[in-house]
Amino acid sequence: MNDGDTVDVGDRTLVAKRPPLYDNPTTRALFDPKTSVLWSVDTFATNVPAPMPYIGELSDNEFRDGQFFGGRLVSPWATLLDGQKFQAVVNETQRFGAEVIAGCHSPVLRGPRIAEAFDLLRQLPDIPAWPGFTQADLDSWMDAAEGTVPPEQPRPSDT
C-alpha cells in the first residue's frame with residue numbers, strides 16, 4: 001500500500017500512510033476516519049518503566065525522555081534527516097486529526113499527549129544519535145537475566 005491508499009475492512013475504510021518513523025520501508029500506518037484512531041506502528045515508541053495501558057501515567061519528563069529514547073532506537077537514522085522534509089511528513093500525519101494513537105512500542109496516546117508527542121517528534125532529527133550498546137551492556141543484561149531464571153530451567157549462559 002502507498003500513501004493515501006485505502007482498504008475496506010467491512011464496516012469502515014482505513015487510510016494508509018508511511019509513518020514518520022519506521023524500521024522497515026514497507027511499514028504503513030493506518031488511520032480510521034470513523035473513529036479517529038491512528039495505528040502509528042513504530043512512531044511514538046516510548047520507553048516505559050512498567051507495562052501501562054495509557055501514556056498519561058508518565059510524568060512530563062518521563063514522556064519526553066521516553067519519546068526521544070524510543071524514536072532513536074526504532075529509527076536510528078532520524079539524525080540523518082533533513083529537518084524541513086521531516087517536518088512536512090510529521091505535519092501530514094498530524095493532519096489526520098487522530099484522537100487516539102496506538103502503536104507497537106507505546107501505551108495509547110490520548111488528549112494533550114497527542115499534540116505533545118507530535119511536538120517532540122519534530123525535534124528528533126536534532127537530538128544526538130543514541131550512542132549504541134556495548135559488550136558491557138550485553139554482559140549486564142545477561143547477568144540480570146541469569147537472576148530471573150528458575151533453578152529447574154536452563155540458564156542463558158548454558159546456551
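## Arg-12 and Asp-11

Arg-12 counts as partly exposed because its relative accessibility is 22%, where partly exposed lies between buried (under 20% relative accessible area) and exposed (over 50%), using a 1.4 Å probe and protein chains only. Asp-11 is also partly exposed, at 48%. The side chains of Arg-12 and Asp-11 meet in a salt bridge, 2.9 Å from N to O; a salt bridge here is a side-chain nitrogen of Lys or Arg within 4 Å of a carboxyl oxygen of Asp or Glu.

A word on the basis: this is a predicted model, in which local features need pLDDT of at least 70 and side-chain atom pairs count only at pLDDT 80 or more, while totals for chains, interfaces and linings use all residues. Residues are numbered from 1 along each chain as its sequence is written, and side-chain values use heavy atoms, with hydrogens and water left out.

## From Asp-11 to Lys-34

Asp-11 also forms a salt bridge with Lys-34, with 3.8 Å between the closest N and O atoms. This pair links distant parts of the chain, 23 residues apart: Asp-11 lies in the loop between strand 1 (6-8) and strand 2 (13-17), and Lys-34 in the loop between strand 3 (29-32) and strand 4 (37-39). Strands are DSSP runs of E with at least two residues, helices runs of H or I with at least four, both numbered from the N terminus. Lys-34 is exposed, at 54%.

Asp-11, Arg-12, Asp-32 and Lys-34 are linked in a network of salt bridges.

## Between two helices

Arg-113 and Asp-60 meet in a salt bridge at 3.3 Å. Arg-113 sits in helix 3 (residues 112-123) and Asp-60 in helix 1 (residues 60-74), 53 residues apart. Arg-113 is buried at 7%, whereas Asp-60 is exposed at 54%.

Across the whole structure, the search finds 9 salt bridges.
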